Amino acid sequence: MKKSIKSGQEVIHDFLSEILNIPSAEPAIIDMLVRLYQDDKLTERSLQTAVDQFINDKTGQQDE
Amino acid sequence: MNKIENIIIKGIRGTRDEISMDLGKKSILVFGENGTGKSTIADAFEWFYQDKVDHLVSEEINGKHAIRNIFLGDREKSRIAIDFTDGALDNEKSIGSSSQASNSNASAAFLEYKERSASENLILRYQDLVRFIIATKSERLSNLQEIIGFNEVREMRGLLKKMAGKYTKEIKAGDFESRKSQKQAILMESLGQNVVSTDHFIQAVNRLVEPLKMSGKIAALKDIPGLLKSFEKEEDPGQIEQIAALNRIADHLSELNTGIDELQKTYDAYHTVYSSLAKDKQKLKNLQLRKLLSEGLTILKKDISKDGYCPLCQQEKDKIQLIRELGSRVEELDALRKEYEKVGEECQRLSEIIQNCANSTSVILKEKILSEKDSQALKNTLEALQSKFARYGEECKKDILSGEKLTPGKELAVDRKGLLSSIDLAKKNALSLAEGRKGGAKMQIHAKIIRAVDAYNEYVAIKKRQDALLIAKNTFEALYEDFIKRQEEALTTFLEMFSAEVDKYYTMINPDEKVGSIRLVPLKDKTDEDLQGITIQFSFFDETHRPPKYLLSESHIHGLGIAFFLASVKAFNKVNQFFLLDDVVSSFDAQHRGRFIRMLVKEFKDYQVILLTHEKDFFDIAAAEVRHKGWQICSLTWSQERGTDLLPWSGAA
């Protein structure tokens, strides 16, 4: 019965290890998500702060 | 996995003196009539692992005081000591009259063991049997996800969904397309063409200044301030600022004109959801009742109230029936609560739009030129808009539960004609200021360049923000889509295997009955996107039914509850190879009791079972089954002097 059941952690681990293969996902945001999870700091607020910073950086970037 | 060598209980609940269960890894069958302290063993066991006893929680804070035997002296401690096959985990837990509990084993290994054990399925009581079966579909999903360690998965899924939703909302609220069109309209007016790149912009400015036959051309955005300065040398700076201010006011009013479209559309949407909910007064009353019903349900499920009575009205009422009725009413009201939350969300969106409009109007009202007599009409328009926004704001403060009605959108509508004529007026005033001067053509071009620079910079900023938000939105949508596939796949695999196990135990207790093929089936919401809950499906006279509570008898529901618990023990208990069953067969007849004990002995022969019963008939059936299978058999007695005593069963009938 236990053979092919995945635990919650295994589901998340598989997701995070294959996350870079997801088309149309921004690598910089993926990197933030993975890093926060690995550092055990993944909360709605921390992720939002990181992504908002990414958006602000992109918005503030000078034209070449 | 861990088994129990020995349990000593003293001074807990009904046990005053020490009772010792020298198990030596063996299973035990214990008979005890009501009041002999049988449940004390289950309570002490629960307290050892959970730091509380669920059904005592209502008696005192955390039920701690209720743990102690009432005849204990202040200096005596209540305690339970358990020795395990892994001696490093042996522990004595005690509690004194101050209700401070302590453990003798403070090792990291024991702390980890205790933490892991707290989430294992170690105790099943009669009153717990129906919990999973009569739970609502969402509670079932939540319980199972918790048991199988899917809490983290649920949180990750919720987080990804929330983030995708947040950036979708932000894009919608940002109204980027119409804001970009607005800026392009200004660029068209100023430069005579649309501009989507810096090169375009530079070319357009060079074309604009061509008639002035100036020496050289600008090559980059950074050259524009120099170009403007060369104009300003010959002109009155005060007047230049006045022209620029009037143009800013015209542009702001044009922007507000578009913003007001969004404001009125959003208000209409808010008005629709608000009024639809408000018109059904019964719904509103029910919404307020939800909290009470939900609390009542919790109390009933925790078994705090007396069986057979409604805890609120004290009328006779079957408890399971009451839980079923309350459960389905709360579930119905959950849909209503979603409607109520939708009203809140629309109100929040509306408030944000009102705030944006009001803030930018406040900024423009600070333009110095508005204090001049000639600009009074423009000032009046802006102030009238401010008071309109305040009126919209008042509507957001209305409380649907107090029966307040919203003002119809038409009554709040902004005077668009007045707004459009103010835009024209501001532009006209700017133009006549420029034309009224010597060298008017130069002034006009200067004013156009200033407007165009502002509009282009704002266009670029809006586009950059829109692009960045789109990246975030698309990323989280893609991550969410991938993640839900993984979660559902894992959950379905688990449910299929778990269902087979539940079906096996249930069928062993109830063979040749017309109930079978029990399966746990995930349910999705109306959008077919979100997991909403889990239902229990089964066949009854070869027809598929769900959920079971409407068709099955109490004893069959209890059988299902036992099957779920036992399947959970096998699936999820990773550190402990024992469990305790307290009076779980009360609703079974003799035949079902016999099948139950045979199933237990056969399927759980590797486990250590602590089986407690107050029913002599079942005890006799069970004793006959387990006596040659290496089980210990004991009975409990109670006296005022000694409290509870555990004695080996003599074997006499």
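**Figure 1. Salt bridges between chain A and chain B.** In this predicted model, three salt bridges are counted between chain A and chain B. One pairs the side chains of A:Asp52 and B:Lys166. Their N to O distance is 4.0 Å.

**Figure 2. The side of chain A that touches chain B.** Three helices of chain A each supply at least two residues to this side: helix 1 (8-17), helix 2 (27-38) and helix 3 (44-60). Helix 3 gives the largest share, ten residues. By residue class, this side of chain A holds 18 nonpolar, eleven polar and nine charged residues.

**Figure 3. Extent of the interface.** Contacts link 38 residues of chain A with 40 residues of chain B. The size of an interface is often given as the accessible area lost when the parts come together. For chain A and chain B, the buried area is about 3200 Å². Carbon and sulfur atoms give 70% of that area.

**Figure 4. The largest nonpolar core.** This core has 88 residues. Chain A is represented among the residues with the most contacts inside the core by A:Val51. From chain B, that group has B:Phe476, B:Leu479, B:Phe579, B:Leu581, B:Phe596 and B:Leu600. Helix 16 of chain B (residues 440-509) gives the most to the core, with 19 residues. In soluble globular proteins, nonpolar side chains tend to be buried together.

Figure 5. Neighbours within four places in sequence are left aside here. B:Leu581 is then in contact with B:Leu124, B:Phe565, B:Phe596 and B:Leu600, and also with B:Val609, B:Ile610, B:Leu611 and B:Leu612. A second core, of 53 residues, is separate. Among its members are B:Leu263, B:Leu277, B:Leu336 and B:Ala447.

**Figure 6. B:Arg595, a buried arginine in helix 18.** B:Arg595 lies in helix 18 of chain B (residues 590-603). Why does B:Arg595 count as buried? Its relative accessibility is 18%, and the buried class takes values under 20%, so B:Arg595 falls within that class. A polar atom of the B:Arg595 side chain lies 3.1 Å from the backbone oxygen of B:Ile509. Not counting residues up to four places away in sequence, B:Arg595 touches B:Met508, B:Ile509, B:Asn510, B:Pro511 and B:Glu513.

Notes
Residues are numbered from 1 along each chain as its sequence is written. Chains are lettered from A and ligands numbered from 1 in the order in which they are written. This is a predicted model: local features need pLDDT of at least 70, side-chain atom pairs count only at pLDDT 80 or more; totals for chains, interfaces and linings use all residues. Side-chain values use heavy atoms; hydrogens and water are left out. Contact means heavy atoms within 4.5 Å. Buried area is the accessible area (1.4 Å probe) that two parts lose on being put together, summed over both. Helices (H or I, at least four residues) and strands (E, at least two) are DSSP runs, numbered from the N terminus. Ala, Val, Leu, Ile, Met, Phe, Trp, Tyr, Cys and Pro count as nonpolar, Asp, Glu, Lys and Arg as charged, and the others, Gly among them, as polar. A nonpolar core is a set of buried Ala, Val, Leu, Ile, Met, Phe, Trp, Tyr and Cys residues joined through side-chain atoms within 4.5 Å. Buried means under 20% relative accessible area, exposed over 50%, partly exposed in between (1.4 Å probe, protein chains only). A polar contact is a pair of N or O atoms within 3.5 Å; within protein, one must be able to donate a hydrogen and the other to accept it, and residues adjacent in sequence count only if both atoms are side-chain atoms.
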